[in-house]
Amino acid sequence: MQTPLRRGLPRVVGGEPWPPAGAVIDLDVPESPAPAAAQPAHDEPAEGLSAVPVRRGLPRVPGGEAYPPVSETYIALPPAALREREPAPESEPVAPAPEPKPVARATEPVGAEKPVASRSWTRWLTPAIALGFAFALAVLLARYILGTDAGAQFIQRYDGRQPLPVGTPVGLPAWLNWAHFFNMLLMVLIIKTGLSVRNERKPAAYWAPKNNPRAKISLTLWLHLTLDIAWVALGAVFYVLLFATGQWARIVPTSWDTFPNAVSAGLQYLTLNWPEDNGWVYYNALQELTYFAVVFIAAPLAIISGARMSPWWPKGWSLVSMKAARSIHFPTMIFFVVFIITHVGLVFLTGMRRNLNAMFAARGDVDPATYATDWTGTLVFLGALVVIAAAWFAARPLVVAPAARLTGTVSQR
């Protein structure tokens, strides 16, 4: 009997499926379940026919041989297929067939650009929009509250000013200006190196103490810890001068009226009608509580949790666990970042030149308008930004390594 052959892929690029349409083989199917012997399709191949192998499958009868019972047949091949079957001369290498083009998925149209993975800013877009809506609602709510009779009476009773004890010094001394600058410089570098340590996978270099070469840490962590030590030393000097000169009274609450006045100042900020203040003489109550939290709460938490996470923490001191230190240290850093952004923004919005004169040039007066047009503090502030930018770009292994070698050994492994 004649059985048509199943067609497959073409033998030449762009050709038709192979074997050609209508190709058949003659099969001698046995009538009994006994194994059938393979018979050739023809005793002698006809002229123009070529022997090709036949793929055999499962038997058609139980216990039989693979079907069909022949291993090859004779068919007429197209000239292109015959040329392909001929071996190429050794002097002429066979050119590889072109690879088929990948088929585009249904969900990925051809020619469409894939999203760029580096656009990480898009993940911050939704929180930024939500924060903007929340701020707008807070402004509307604050204006509504202060527009009521109860709100107006509350503002009249508590104007937001800071209650100061008798004998509080007036003005900001020069040492406070210098401490403010160095604190700003160190804080920026500490946050930068802290985030680098948190995201570091393969450090560019390592540091080890000379007396213990095996205690290696990354060079970035060494810089972070060194900056921490400098910041702690600056804080110790700041605490001593703060209490020795009486400046502590400006940032430590001494009356319960501080808290309702802080609420009043916060409502006035939210209405975008800034509360009246003169940082040269007094802060408003909300500033006082914020500075107290920064100096006496956030800073000690950052120091203690950072010391616990450092390799220099004594192993026998288990009062503070590593897990607790990590859960405190990073949120404290977030608090500092939020405080810095808010603080700088309000410095610019509530009288930039007057505020910068008091903070960076130790210039001010009881009358807020006296130094409102003086540019001294602004120029000093711009110079401070240049120094901070230079330190930011210098905080890299190529620059840090020579300084690190003074205290230990620097290596790439």
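User: Which residues touch the most other members of the largest nonpolar core?

Analyst: They are Leu219, Trp222 and Trp231, in a core of 52 residues. A nonpolar core is a set of buried Ala, Val, Leu, Ile, Met, Phe, Trp, Tyr and Cys residues joined through side-chain atoms within 4.5 Å. This is a predicted model, in which local features need pLDDT of at least 70, side-chain atom pairs count only at pLDDT 80 or more, and totals for chains, interfaces and linings use all residues. Residues are numbered from 1 along each chain as its sequence is written, and side-chain values use heavy atoms, with hydrogens and water left out.

User: Which elements give two or more residues to this core?

Analyst: H4, H5, H7, H8, H9, helix H10 (376-394) and helix H11 (397-405) do. The largest share, 10 residues, comes from H4. Helices here are DSSP runs (H or I, at least four residues), numbered from the N terminus.

User: What is Trp231 in contact with, leaving aside its neighbours within four places in sequence?

Analyst: Trp231 is in contact with Asn183, Leu186, Met187, Ile190, Ala299, Ala302, Ile303 and Phe336. Contact means heavy atoms within 4.5 Å.

User: Why is His343 called buried?

Analyst: Buried means under 20% relative accessible area, exposed means over 50%, and partly exposed lies in between (1.4 Å probe, protein chains only). His343 has a relative accessible area of 18%, and therefore counts as buried. This residue lies in helix H8. Leaving aside neighbours within four places in sequence, His343 is in contact with His180, Tyr291 and Met359.

User: How do you know that the end-to-end distance of helix H6 agrees with its number of residues?

Analyst: The expected span of a helix is 1.5 Å times one less than its number of residues. H6 (residues 258-270) has 13 residues and should span 18 Å; its end C-alpha atoms are 18 Å apart, so the two agree. For H8, with 28 residues, the distance from first to last C-alpha is 41 Å, close to the expected 40 Å.

User: What do the buried residues of H6 pack against?

Analyst: They pack against helix H2 (125-147), helix H3 (149-157), helix H7 (285-309) and helix H8 (322-349). Among these buried residues are Thr258, Asn261 and Tyr269.

User: What makes the Arg363 and Asp374 pair a salt bridge?

Analyst: A salt bridge is a side-chain nitrogen of Lys or Arg within 4 Å of a carboxyl oxygen of Asp or Glu. The two side chains meet at 2.7 Å, N to O. Both residues belong to the loop between H9 and H10, 11 residues apart. The structure holds one salt bridge. At 32% relative accessibility Arg363 is partly exposed, whereas Asp374 is buried at 15%.

User: Which side chain reaches the backbone oxygen of Asp374?

Analyst: That of Asn357 does, at 3.0 Å. Asn357 is in helix H9 (residues 352-360) and counts as buried because its relative accessibility is 0%.

User: Which residues does UniProt list for "transmembrane region"?

Analyst: The unreviewed entry lists 124-146, 178-198, 219-244, 289-307, 328-349 and 375-395. Such annotations may be inferred rather than shown by experiment. In the model, residues 178-198 are 100% helix and 0% strand, with end C-alpha atoms 30 Å apart. Residues 328-349 are likewise 100% helix and 0% strand, with end C-alpha atoms 32 Å apart.

Conventions:
A polar contact is a pair of N or O atoms within 3.5 Å; within protein, one must be able to donate a hydrogen and the other to accept it, and residues adjacent in sequence count only if both atoms are side-chain atoms.
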